[in-house]
Amino acid sequence: MHGVLVIGAPGAGKSTFCAGLTDIFTQLKRPYLTINLDPANDTMSYPPDVNITELITVTEVMDRLGLGPNGALKYCIETLGNNSNWLLQKILENRKKYIIIDCPGQLELYKSEGELWKVIRNLEKSGIRLCALHLADSLYCSDPSKFISVALSTLATMITMEMPQVNALSKADLFSGDGTYDLEYFSCLPDVHKLLDLLNEVPGLEKYRKLNESICGVISDFDLVSFVPLAVENKESMAKIIRMIDTANGFAMSEQGDIRELILNEK
Ligand SMILES: Nc1nc2c(ncn2[C@@H]2O[C@H](COP(=O)(O)OP(=O)(O)OP(=O)(O)O)[C@@H](O)[C@H]2O)c(=O)[nH]1
Ligand SMILES: [Mg+2]
């Protein structure tokens, strides 16, 4: 079984992407199973087939245990971990379907040995081949000091999740660069020298040159992070991302034909 785990910061566009994916899969006649693992998701842009809120919700935990929203979220995912067979069972009942998992945005859940990490490992152990799609808002590309934190958190997720990962800059349709550095530049991030120059030009950051250099050094030493632009309403952009995900999780090996042609020719 194959699937995609949609992760990224709150508001990055995870649920919108999942909804866009269900539309395209319907066109492609590819059977799918949507899973919402965000216990705080009460208004959904797609109907989830499996929903963590059937098990537990953030509001319920906040009321019952007097926890704040972040603590309650952690508690919910811990509860999911303790009931991981519930999730596994629901997936195994739908063996022929492609799995789309919509995740919560809080980064701390993805840390190594963290609550969500354990749930994912359990699915992988049962033979479910997942690729993570990490979304970051392309809005941050217009500010190098914000973009560096996006690059670092993306790298941290790649290292801790220990699974195939595609990184996308979401809402690319809203991005308007200043002409010097466009989305293309941020898509080929390995050129960290340019990023370092940009950081050193940010007012207030020029005095941290050594720190900027070290941070950029970490990114270039790992040489893992790069991004693809993503606009959910743009079929070409969605086709490219789907193809990358299908290749990363191995689904492409079990499929025939070029899905780009199929998606672009669909009315
Ligand atoms: N223009 C544009 N807007 C988008 C795109 N993707 C998402 N959005 C908007 O971004 C906002 C947040 O999207 P969501 O899908 O709710 O983001 P999320 O990551 O699921 O958010 P949380 O569940 O709160 O973590 C919504 O207003 C979406 O309409 C896109 O490709 N283009
Ligand atoms: Mg969401």
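This is a predicted model: local features need pLDDT of at least 70, side-chain atom pairs count only at pLDDT 80 or more; totals for chains, interfaces and linings use all residues.
Two strands count as paired if DSSP finds at least two bridges between them. Strands E1 and E5 pass that test: they pair in the parallel sense over seven bridges.

Now step back to the whole sheet. Strands of a sheet pair through backbone hydrogen bonds, either parallel or antiparallel. Here the sheet is open and has seven strands, with parallel pairing. Read across, the order is E3-E2-E4-E1-E5-E6-E7. The edge strands are E3 (50-51) and E7, and each pairs on one side only.

Start with E1, residues 2-8. On one side E1 pairs with E5. Four bridges also join E1 to strand E4 (residues 98-102), and these two strands run parallel. Glycine 3 stands opposite isoleucine 99 in E4. Is E1 covered or open? E1 is mostly covered, with seven of its seven residues buried. In a regular strand the side chains alternate between the two faces of the sheet. In E1, His2, Val4, Val6 and Gly8 lie on one side. Gly3, Leu5 and Ile7 lie on the other. Both faces are covered.

Next, move to E5 (residues 129-137), which pairs with E6 in the parallel sense over six bridges. Alanine 136 stands opposite leucine 169 in E6. How does the chain cross from E5 to E6? The path goes through helix H6 (residues 144-161), and this β-α-β crossover is right-handed.

Just after H6 comes glutamate 162, with a positive phi of about 50°. Most residues other than glycine have a negative phi. Glutamate 162 has its positive phi although it is not a glycine. This residue is found in the loop between H6 and E6. Is glutamate 162 buried, exposed or partly exposed? It has 13 other C-beta atoms within 10 Å, so it is partly exposed.

Two bridges join E6 to strand E7 (residues 228-229), and the two run parallel. Alanine 168 stands opposite valine 228 in E7.

Lysine 171 has a positive phi of about 60° although it is not a glycine. How does its setting compare with the cut-off for burial? A residue is buried if 20 or more other C-beta atoms lie within 10 Å of its own. Lysine 171 has 20 other C-beta atoms within 10 Å, so it is buried.

Follow the chain to the loop between E7 and H10, where glutamate 233 is found. This residue has 9 other C-beta atoms within 10 Å, so it is exposed. Glutamate 233 and methionine 44 are 189 residues apart in sequence and 17 Å apart in space, C-alpha to C-alpha.

Then comes helix H10 (residues 235-249), which has 15 residues. From its first C-alpha to its last, H10 reaches 21 Å, close to the 21 Å expected at 1.5 Å a residue. Its buried residues are Met238, Ile241, Ile242, Ile245, Asp246, Ala248 and Asn249. Where do they sit around H10? Seen down the axis, they fall within an arc of 165°, so they line one face of the helix. Just after H10, glycine 250 takes a positive phi of about 95°.

Finally, turn to ligand 1. There are 17 residues around ligand 1, and Gly13, Lys14, Ser15, Thr16 and Gly105 come nearest. Which helix gives the most to this shell? Helix H1 (residues 14-28) does, with three residues. By class, the shell has five nonpolar, eight polar and four charged residues.

Note on methods:
Residues are numbered from 1 along each chain as its sequence is written. Chains are lettered from A and ligands numbered from 1 in the order in which they are written. A crossover is right-handed if, with the strands pointing away from the viewer, the path from the first strand over the helix to the second runs clockwise. The expected span of a helix is 1.5 Å times one less than its number of residues. A residue is buried if 20 or more other C-beta atoms lie within 10 Å of its own, exposed if 12 or fewer, and partly exposed in between; C-beta atoms are placed from the backbone. The arc is that of the directions from the helix axis to the C-beta atoms. A residue is near a molecule or strand if its C-beta atom, placed from the backbone, lies within 6 Å of it. Ala, Val, Leu, Ile, Met, Phe, Trp, Tyr, Cys and Pro count as nonpolar, Asp, Glu, Lys and Arg as charged, and the others, Gly among them, as polar.
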